[in-house]
Each structure stands twice: as C-alpha cells, then as structure tokens.
Amino acid sequence: MSGTATPPKKRLTTSAMIASLAEAGQETRPAPFGHALVRVAESRTDIVGLSADLAKYTDLHVFAKAYPDRFYQMGMAEQLLMSAAAGMAREGFTPVATTYAVFASRRAYDFICMAIAEEKLNVKIACALPGLTTGYGPSHQATEDLAIMRAMPNLVVIDPCDALDVEQATEAMTAYCGPVYMRLLRGQVPLVLDRYDYRFELGKAKLLKGGKDVLVIASGFMTMRALAAAEQLEADGIGMAVLHSPTIKPLDEATILAEAGRGGRLVVTAENHSITGGLGEAIAGVLMRAGVHPSAFRQIALPDAFLDAGALPTLHDRYGISTEAVARRIREWL
Amino acid sequence: MTTTAASDRRSNMTLAQRAWHIRRKALRMGEVQGQGYIGQALGIADVLAVAYFHSLRYRPDDPEWEERDRFLLSIGHYAIALYAALIEAGVLPEDELETYGTDDSRLPMSGMAAYTPGMEITGGSLGHGLGIAVGMGLGLKRKGSKAFVFNLLSDGELGEGSTWEAAMSAGHHKLDNLIALVDFNNQQADGPSTATLCSEPLGAKWEAFGWHVQRVDGNDIEAVRAAFDAAKDLAEPRPRVIVFDTTMCKGVPFLEQREITHFVRVEPQEWQQALDVLDRSKPE
C-alpha cells in the first residue's frame, strides 16, 4: 500500500424483493387489496381466498387474518390453485386466487384458460409483481402477462394505478360476475388518484387531465409516472393530457377513440409491460381498425427482452419507464 | 322429480346388462363417426355401469340437482363412453346418439361442460379434473353437503404433474368426499402407458399421498361394485382412489387384439361385425 487513504467504498444499489414503487415522501396506503377485500367480504360470505404459498406477498394475509375459515392455503402449486378455484366457483363460491403474475400467466395458463375462462367461472385472479416491479430478474418479472392474459377469451384484465385504484378495482371485480385477472400492487402502495376526482369503473378509461400537445394513454403505475412527467413538461409550456385505462380488456374503445381522434396531438401509450402485445399494441389496433390516425403514435413500454436484475429505480430508468425517462422521451418526440 | 338414489334405478336390469347397453351405444356412436375412442369406452363400460346404476346419486331429469354426486371426466376423449352412460341413465335422450361428433351437436368428440347436460367439467386438456375435484370437494364441505365428487382419470393422464399437485392437496385437506377413479388400460397415444411414462407402483404412490387405495379388475362388475361401496363407506378422513385395471376394447375380442387401441381404426364393415359380436354376448 502506498499510504494514501482508501476512499470510502461507494455503497452499491441493491435489488430488493419487497421493492416499493413509492418515491421519497410520497403518500402510501398499506395493503390496499387485502383491506378492500376484507371490507367487501364482510357482506359477501361467498368470497373465499386461495393462495399458493404467497399470501403474505400478495396482501391476502389481511383477508386470511380477518376470515381464517374462508382462507385456503393451496401450497406451492399454481396449477392446483387455479383448478381448485374453478371447483369452488362451480360450487357457488367466489374464489379470489392470488400468486405472482409470472406463475399465473406462465405456469398456470392452461388451467386458467380451460378450467376458468372457457367456463366463464366467477374466479378473481389477483397477481403481484406485474411487469417490472421487482429486481429479481426474469424468474419474477411478468413483463408479458398482459399479452398472455389479454389473448384469453372471456377474461377481464385490469391494471390499476395506485392504492385507490386497487381498492376500487377490488370492489368492482368482486361485484362483476365472471373471470378477472388483476395486476396487483402490494405492500405500501402510493396514493395519487385521490387528487383527480377519480373513480374506477370496470371497462372505463378516465381522462385525468387535459392538454393540447400530447395525449398519454396509460395503465398501471405508468399513469402515475405520466402524471408526474406531465407536471415537469407543463413547467416548460407543454400541454400533456393523461388518459388512464386500467381495464386492458375490454378496452374502453369509445373514450380512447374520442381522445385520440382529437387531431393535432402526439399520442403516446405508456405501460409497465413489454412493447409486445400489451396496452400499446391493443390501442394501436383500436385506432387502426377505426381509421383514427394521430399526428404521431409512440409507445413507452419495456423492451421485448428478458430484463436485468437490479434495483427498481435503476431498472425503471434503464428501461425508460421512470418519470424522468418518460418526460425526456416525450420532449424528444414533440 | 324422479328417482334419486341409484339403488332405485337398478330396476330389473343387472349391472352387466347396463354395461352391455353402454358398450352398444358407444359402438353405435363410433359408427356414426366411423372412428373414435371406442377402446376406452368398451374398457370402462363396467365402471360406468356401476357408477351410474349403483353408486352415484343424481336425478336424470335434473342434472344440476344440488345434492347430486359430481362425476368429473377429466379425460375429454372418453366423452363417447360417458355419453353412452348418460343416455343409458336417461340424462340424455337416446336419439341424440346419432349426432355424436357432428356439427352443432350437444355431444362433441371431446367432453365439454357447456355442451352436455351431465358433463360437469371441460376435460380434454389432461390433468385438470382432480384439481377441480379438490376445489369442489372443499366447496361441498364448506356448504355442509354430503355429496361426493368422483373424478375419472386415466393412467396416461397421471403423467401430468398437476394431477399430483391435486393428489397431494386432497391428502393434505383430508378430502373424504373425493373419490378418484383411475382407468389403467396401459395404453396411451404413443403406446403402452408403462413404456411411455411409467406410473407404477401406482397404489403405493397414492398411498404415500395420504389416500385410501383399492386396485381391482375394472371389468369384473362385482369387484367394481364392491370397490365403489368400500370407497363410499370408508370411515377414515382420507380421499379415496380406485385403480381399475381394464382391457381396451373389452367385449369385442377382435378389437381387443389390435396393437393400437388408443384410437381404433375400424373399417366400415367392421362396425356391424363388432355389434354382432357384442350382441351374441348379451348378458342374460
């Protein structure tokens, strides 16, 4: 050693399984899905909860604690989880089955398809870690779940934005009779939409704010990112409208066409999902089929690739879905 | 409402005669299509006769009667066998037999719940039945129902891992209202089941998963009946399985001898020949 002092080692950013989407100082609510389900289940004795060894990580533990005799632990067996949910629905119950989005969409696809969706059974599938919400790499990142689930006939697909959206979507999906796949934000979930006079309605897109230059149509937490990006852009005099479309299927085609058809605006879709087969391509199809041609159409989405492991903020920036990345790209496109 | 308990339906016809009728109906349906899963239907006819004319509680004119025993067919291609049993049981009208596998028929080649009264689930994609049976078993217990859930599986289907997820779960939950029926005919699409993905020793496997196990000759009606009774009457809080060793194409010797019996090729003139052989062996 030469005697010079070793510089303090820079602390490396790490990935964490329980990664929160909340930014510093952002208001959050704990386990909105679990608490909403408990409230709904109070007057709905037909609701039962099933998990595949991930109750604690899908916020279903809140329900399990409130209604222990209505909670079924199915073990680490996702094919069974879906089949058993189908069986319970056949006996008149409303099963809410939870696991991670990767395991539902990849491993249990045939079981959701043939045992639940083909029969239009009243099963609700709520899945944590949708898209890029964990740094654990492709084994846990469901970056293609919307493409997979959207292709399944009869299945309603929901991608809520924040704690309020998750709570209201939970109420709405249990009120609806039929199979539903909901992407679940769990743990400490940011609260954003309470400032936008918003109410979740199944199958409806909601215009959260207007703007003359660009229309962003978003789902999931990308609506939150779009709203934050809009604030940055508006400081520069760029008017950005945000249309939140939490129901991926059926899409609210009328509202999307009405907003995208108002000429002169750049239309951007934003989603926490691969660019292949998700919200963006769904909306492109809607516009093309209706002959609506915006001045330009762009997609903000994850690349068609198996993504890196790492810390969420690092990855969100790397793959272009952080607030800063969203604002930067829209500036470039304008 | 007509009869409920199966014992009332035995009337003056023996179970062997019922099995014979099921075989004949299946052959006639096969003839309509000129092909079909005849081997399975002929092989499982005795089990279905005991199920529908001795063991199951159901109402032929009310297939969704809440207190019925549920009979899940996970092996969708066996639909021809179940249709024959459902027609024999009076759940389906006899004249629909002619429509088997034809456009807009309620009797498609692979069994689907939305199409056919008495078909509880959509099988065909193998490995679904037992998991659904677990959910129905849990649901029935939740409702305080005394009904049983039967699930007819095949030996080839046991290659599907989901079946073992369900078997483990049924043992874990001590589902004493669940009775699995395994048709062990040792024949699947690519050849003998034991040479394709061997499930032996099969009884020991179920036993290890916490099930009560019986293994009987599935073409011996008295043995089949005794096994059904024992499965229902068992006092232990465990799920029950009966493994039935059956012979593909049972009852039509010249078809039994075919090398490939999973999907039997039957020449046009052979249908009448098969019916004639069967007719000559009609039980007294």
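1. Axes here are lines fitted to C-alpha atoms, for helices over the stretch in contact, and angles run from 0 to 180 degrees between N-to-C directions. Helices (H or I, at least four residues) and strands (E, at least two) are DSSP runs, numbered from the N terminus. The model is predicted, so that local features need pLDDT of at least 70 and side-chain atom pairs count only at pLDDT 80 or more, while totals for chains, interfaces and linings use all residues. Residues are numbered from 1 along each chain as its sequence is written, chains are lettered from A and ligands numbered from 1 in the order in which they are written, and side-chain values use heavy atoms, with hydrogens and water left out.

2. Within chain A, helix H8 (residues 222-235) packs against helix H12 (residues 323-333) at an angle of about 60 degrees, the axes being 8 Å apart. That angle makes H8(A) oblique to H12(A), given that angles under 35 degrees count as roughly parallel, over 145 as roughly antiparallel, 65 to 115 as roughly perpendicular and the rest as oblique. The crossing of H8(A) past H12(A) is right-handed; a crossing is left-handed if the near helix is turned anticlockwise from the far one by less than a right angle, and right-handed if clockwise. On the H8(A) side the contact (heavy atoms within 4.5 Å) includes Met222(A), Arg225(A) and Leu233(A), and on the H12(A) side it includes Val326(A), Ile330(A) and Arg331(A). Its residues divide into seven nonpolar, two polar and three charged, where Ala, Val, Leu, Ile, Met, Phe, Trp, Tyr, Cys and Pro count as nonpolar, Asp, Glu, Lys and Arg as charged, and the others, Gly among them, as polar.

3. Chain A also holds an open, mixed sheet of seven strands in the order E3-E2-E4-E5-E7-E6-E12, where two strands pair if DSSP finds at least two bridges between them. Its edge strands, E3 (71-73) and E12 (247-249) of chain A, each pair on one side only, and the twist averages 20 degrees from one strand to the next. Strand E6 (residues 156-158) of chain A runs antiparallel to E12(A) and is joined to it by two bridges, with Lys249(A) as the bridge partner of Val157(A).

4. In chain B, five strands form an open sheet with parallel pairing, in the order E2-E3-E4-E6-E5. Strands E2 (70-73) and E5 (212-217) of chain B stand at the edges, each with a single partner strand, so one side of each is left without a neighbour in the sheet. E5(B) pairs in the parallel sense with strand E6 (residues 240-245) of chain B over six bridges, and Val216(B) stands opposite Phe244(B) in E6(B). Helix H8 (residues 221-233) of chain B lies across E3, E4, E5 and E6 of chain B and runs at about 170 degrees to E5(B).

5. Between the chains, the contact takes 24 residues from chain A and 26 residues from chain B. About 2,000 Å² is buried between chain A and chain B, with carbon and sulfur atoms giving 58%; buried area is the accessible area (1.4 Å probe) that two parts lose on being put together, summed over both. Leu80(A), Arg90(A) and Glu91(A) supply 28% of the area that chain A buries against chain B, more than any other three residues.

6. Helix H3 (residues 78-90) of chain A and helix H5 (residues 161-172) of chain B have axes that come within 8 Å and cross at roughly 70 degrees. H3(A) and H5(B) are therefore roughly perpendicular to each other.
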